[in-house]
Amino acid sequence: MDNEKIIKELHALRQLDIDAVNAYDEAIKKISNLEVSEQLASFKLDHERHISDLGIALQKLGDTSWADRKADLKGLLIEGFTKLRSSTGTEGALKAMRMNEQLTNRNYKDAHALDFPADIRSLIAANYEDEKRHLKYIEGAIDNEAWEQKHVA
Ligand SMILES: [Fe+2]
Ligand SMILES: [Fe+2]
């Protein structure tokens, strides 16, 4: 893979992580369950780490916009954002975040299959493991929430 292509791929992932952080901020505001909101706050920190690690990799490749940080409101997570804005309560916010994490997982999975240099490939593999963990937790939390709501009253 040539440098230009590597830079393009890493920027796409980094943008997704930037948008994920913003989505987590929105979601956390809507979640009343303390345990769930603490978990989501830790996932937000994972995405922050992805942003900075991908930025360092981009800088090493000689990219000049490695530190840019703009919310991309036409980005891949737009559907998840829309869903977040219209959602109410913990379950709705979790379902919107499930959609967002399915997307980050898909993109990291695709990137993981590409022919990156070894150091970048291992960074992407590590980030992908975080994404899988995020999605798994959110799916479990949705099941719990649905169960609790059925058994209230
Ligand atoms: Fe991430
Ligand atoms: Fe994630």
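Which residues of H4 are buried? Here are a few notes to get you started; keep in mind that this is a predicted model.

1. Helix H4 covers residues 89-112, 24 residues in total. From its first C-alpha to its last it reaches 34 Å, close to the 34 Å expected at 1.5 Å a residue.

2. Now the opening question. The buried residues of H4 are Thr90, Ala93, Leu94, Ala96, Met97, Asn100, Glu101, Leu103, Thr104, Tyr108 and Ala111. When you look at that list, remember that an α-helix has 3.6 residues a turn, so residues three or four places apart point the same way.

3. What sits over those buried residues? The cover includes helix H1 (3-30), helix H2 (34-60), helix H3 (78-86) and helix H5 (118-150).

4. Take H5 next. H4 and H5 pack with their axes 9 Å apart, at an angle of about 155°. The angle is over 145 degrees, and H4 and H5 are therefore roughly antiparallel to each other. Their crossing is left-handed. Sorting the residues of this contact gives 12 nonpolar, 8 polar and 9 charged.

5. Two of the covering helices, H1 and H3, also pack against one another, at an angle of about 15° and with their axes 10 Å apart. That makes H1 roughly parallel to H3. The crossing of H1 and H3 is left-handed. On the H1 side the contact is made by Ala23, Glu26 and Ala27, and on the H3 side by Gly80, Phe81 and Leu84. By type, the residues of the H1 contact with H3 come out as 4 nonpolar, 1 polar and 1 charged.

Conventions
Residues numbered from 1 in each chain as written. Chains lettered and ligands numbered in written order. Predicted model: local features only at pLDDT ≥ 70, side-chain atom pairs only at ≥ 80, totals over all residues. Helix = DSSP H or I, 4+ residues; strand = E, 2+ residues; numbered from the N terminus. Expected span 1.5 Å × (residues − 1). Buried ≥ 20, exposed ≤ 12 C-beta atoms within 10 Å, placed from the backbone. Contact = placed C-beta atoms within 7 Å. Axes fitted to C-alpha atoms, helices over the stretch in contact; angles between N-to-C directions. Parallel < 35°, antiparallel > 145°, perpendicular 65-115°, else oblique. Left-handed = near helix turned anticlockwise from the far one by under 90°. Nonpolar A, V, L, I, M, F, W, Y, C, P; charged D, E, K, R; others polar.
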